[in-house]
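Have the sequence and the coordinates open side by side. The text below walks through the structure one site at a time.

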Amino acid sequence: MSTPAGMEPAISVTGVDRVFGKGRKQVVALQDVDLTVADGEFVSLIGPSGCGKSTLLRLVADLDTATSGDLRVFGKGVRQARLDQDYGIAFQQAGLLPWRTVAGNVELPLRLHGASAAMRKARVAELLDLVGLSDFAKSHPDQLSGGMQQRVAIARALAESPRLLLMDEPFGALDEITRERMQNELVRICAETGAAVLFVTHSIPEAVFLSDRVVVMSPRPGRITGIVDVRADGLVGAHDRTERARDEEGFFRAVAEVRSLLHGTPMPTLAAEGLEK
Amino acid sequence: MTAVDPVAAGRVTRPRLPITEVRWSTVLAPLGLGALVVLGWELLVDRAEIEPFILPAPSAIWEQVTANAGTITDGATVTGRNALIGMLAGAVVGVLGAAVAGTFRFVDQMAAPVVAALAVIPIVALAPVLYSMFGAAVNTGRIIVAGVSVAVPVYLNTLRGIRQVRAVHRDLMTAYAAKPLQVIRTVTLPTATPYVFTGLRVASSLAVIAALIAEYFGGPIGGLGKSITSSAASSNYPLAWAYVSGAIVLGLLFYVVTLLVELWFSRHHRPA
Ligand SMILES: Nc1ncnc2c1ncn2[C@@H]1O[C@H](COP(=O)(O)OP(=O)(O)OP(=O)(O)O)[C@@H](O)[C@H]1O
Ligand SMILES: [Mg+2]
């Protein structure tokens, strides 16, 4: 805590275990997980279903408690970080309140934390502009497409300009086209806000395109099997990326690396494998 | 910079009552059946020469309705007023009670047997006791009877609604470090709202029935219930039936209004 502000990592996870249930029904969701996300860094979690990605994210968000180990957010305990509202969060389901308008949903955190009406109004306009939904401020969530709902949820997560964003498969329910557009928008938003992001996904290209580093996990027990530094593969940092990064050689190299880690096979020769997807 | 979904841009953004989706056949079919029944009734009474004290003809009842429209409306106003006040008070009690029971488990456990008992005993049976408690000159007893009949279904439905809060919404509130009262206001009550109004719709006819039947046991005159008993006692059966028709219309009115309110409040709650 003696380190100057900005030098603390956004997230630091040390030796974390999470065990659900007891006795014969016991499930080790996470075992001995160590992970650091630097301030402003974009880190993705990828791995097969049930390997504990959501569990790890929920631990960081203090929505669940670790069985053992230490979790810190900007150097504070996770509970304190939650009470201080140090992070914004977006879930796999948009989780909008159906009885509130789009504007009402976006301003929810501001309202809960006592921001003035004028300040809320200005901020909501700004955020809706950011996610391209200004025309839908007065609509209700049931009048929006799934992709639009997800964008509202992202705007809500950004409402208080958090320095850390936690996102659990936010684009999971979207079609490929909307998905790529949302990825581009997310890169732009992160560049504008400079936030650190912990991002859960099932898609290798998505993880590689968005991230500075991709953390690969394996199930039963959930643990980290490897970390791919996308920047080391020749891509620019996540904040400076453009759509064109998807066609660069470094992108395919990183995709191949993540894939071989996921399948637990040694790195294949690049040329053949890399162009598959 | 950012693209707006072209498909969605053209969509209607005004909230609509689902009532607009009701087809004519669903309204006309029961009306047709009703007309047939009335016609058959008229013919039956006419052909079989049934005495009016057993069953008066619809035409005779209608004559009484038109001749006594004023008193029937007055009676409906008195009974309707009792039912309405009772319903509103009962709804408030039911919702508040459910909010407390939904927040504290032990309250729910303590209240469960009482509510179950209240749900099975016919509340109107309390009317005579209440008349002696509050005096037979006031409507208080009737309002209480209507209120208790409403409070129970509203309480049970609201409690069920409170339990429907989605896990994402609960997580969201935790993530925002929302205070318990904020959680109730922001997520719990809005989730429960459609259930509250379902309870209220179910209870609306109960309120009318309770307010009406309570009049049979005494209290001030002027309501429909009293008018039914007194015209039956003076053997004016068509008139008694005319008051019964007034009661039917009153019950329907309560039902339809609460139904519309329910539809309005559930308009955004269609499964996403
Ligand atoms: N509340 C819980 N109670 C019991 N077991 C749980 C609970 N939450 C998660 N688990 C178990 O922990 C393991 C990891 O779950 P988690 O949801 O973190 O997986 P995931 O990596 O997010 O999977 P997916 O990609 O399918 O979302 C699973 O085996 C799951 O059954
Ligand atoms: Mg998950």
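A residue counts as buried under 20% relative accessible area, as exposed over 50%, and as partly exposed in between. Gly194(A), at 34% relative accessibility, therefore counts as partly exposed. Keep in mind that this is a predicted model.

Start with Gly194(A) itself. It sits in the loop between α7 and β8 (196-201) of chain A. Leaving aside residues up to four places away in sequence, Gly194(A) touches Gly40(A) and His239(A). For a sense of distance, take Leu261(A). It is 67 residues from Gly194(A) along the chain, and the two C-alpha atoms are separated by 29 Å.

Now go to Glu41(A). It is placed in the loop between β2 and β3 (42-46) of chain A. Is Glu41(A) buried or exposed? Its relative accessibility is 7%, so it counts as buried. The side chain of Glu41(A) reaches back to the backbone nitrogen of Ala38(A), at 2.9 Å. Not counting residues up to four places away in sequence, Glu41(A) also touches Thr36(A), Ala196(A), Val197(A), Asp212(A), Arg213(A) and Arg231(A).

Next, some backbone geometry in chain A. Asp32(A) is found in strand β2. Its phi is near 45 degrees, a positive value in a residue other than glycine. Glu169(A) also has a positive phi, near 40 degrees, and is likewise not a glycine. Glu169(A) belongs to the loop between β7 (164-168) and α7 (176-193) of chain A. With a relative accessible area of 11%, Glu169(A) falls under the 20% limit and so is buried. Then look at Pro221(A), in the loop between β9 (213-218) and β10 (223-229) of chain A. The peptide bond from Arg220(A) to Pro221(A) is cis, with omega near -10 degrees.

Glu169(A) leads on to the ligand. Which residues surround ligand 1? They are Phe20(A), Val27(A), Ala29(A), Ser49(A), Gly50(A), Cys51(A), Gly52(A), Lys53(A), Ser54(A), Thr55(A), Glu169(A) and His202(A). Several polar atoms come within reach of its oxygens. A polar side-chain atom of Ser49(A) lies 2.4 Å from an oxygen atom of ligand 1. For His202(A), an N or O atom in the side chain is 2.7 Å from an oxygen atom of the ligand. Cys51(A) takes part through its backbone: a polar atom there is 3.2 Å from an oxygen atom of ligand 1. Taken alone, ligand 1 exposes 630 Å², and the protein buries 60% of that. Two elements give two or more residues to the shell around ligand 1: β2 (27-37) and α1 (53-60) of chain A. Of the elements, α1(A) gives the most, with 3 residues.

Cross over to chain B and find helix α5 (residues 105-120). It has 16 residues and reaches 23 Å from its first C-alpha to its last, close to the 22 Å expected at 1.5 Å a residue. Where does α5(B) kink? The kink, of about 35 degrees, lies at Ala111(B), shortly before the proline Pro113(B). Ala111(B) is also one of the buried residues of α5(B), along with Val107(B), Asp108(B) and Val115(B). The buried residues of α5(B) pack against α4 (69-103) and α7 (140-162) of chain B.

Of the 23 residues, 17 are buried, so α7(B) is largely enclosed by the rest of the structure.

Leu126(B) is 64 residues from Trp62(B) along the chain, and their C-alpha atoms are separated by 34 Å.

Finish at Glu262(B), in helix α11 (residues 237-265) of chain B. At 9% relative accessibility, Glu262(B) counts as buried. What does its side chain meet in a polar contact? The partner is the side chain of Thr198(B), at 2.7 Å. Not counting residues up to four places away in sequence, Glu262(B) touches Thr198(B), Pro194(B), Phe197(B) and Arg201(B).

How values were computed: Residues are numbered from 1 along each chain as its sequence is written. Chains are lettered from A and ligands numbered from 1 in the order in which they are written. This is a predicted model: local features need pLDDT of at least 70, side-chain atom pairs count only at pLDDT 80 or more; totals for chains, interfaces and linings use all residues. Side-chain values use heavy atoms; hydrogens and water are left out. Helices (H or I, at least four residues) and strands (E, at least two) are DSSP runs, numbered from the N terminus. The expected span of a helix is 1.5 Å times one less than its number of residues. The bend at a residue is the angle between axes fitted to the seven residues ending there and the seven starting there. Buried means under 20% relative accessible area, exposed over 50%, partly exposed in between (1.4 Å probe, protein chains only). Contact means heavy atoms within 4.5 Å. A residue is near a molecule or strand if one of its heavy atoms lies within 4 Å of it. A polar contact is a pair of N or O atoms within 3.5 Å; within protein, one must be able to donate a hydrogen and the other to accept it, and residues adjacent in sequence count only if both atoms are side-chain atoms. Accessible areas come from the Shrake-Rupley method with a 1.4 Å probe; for residues, only the protein chains shown count as cover.
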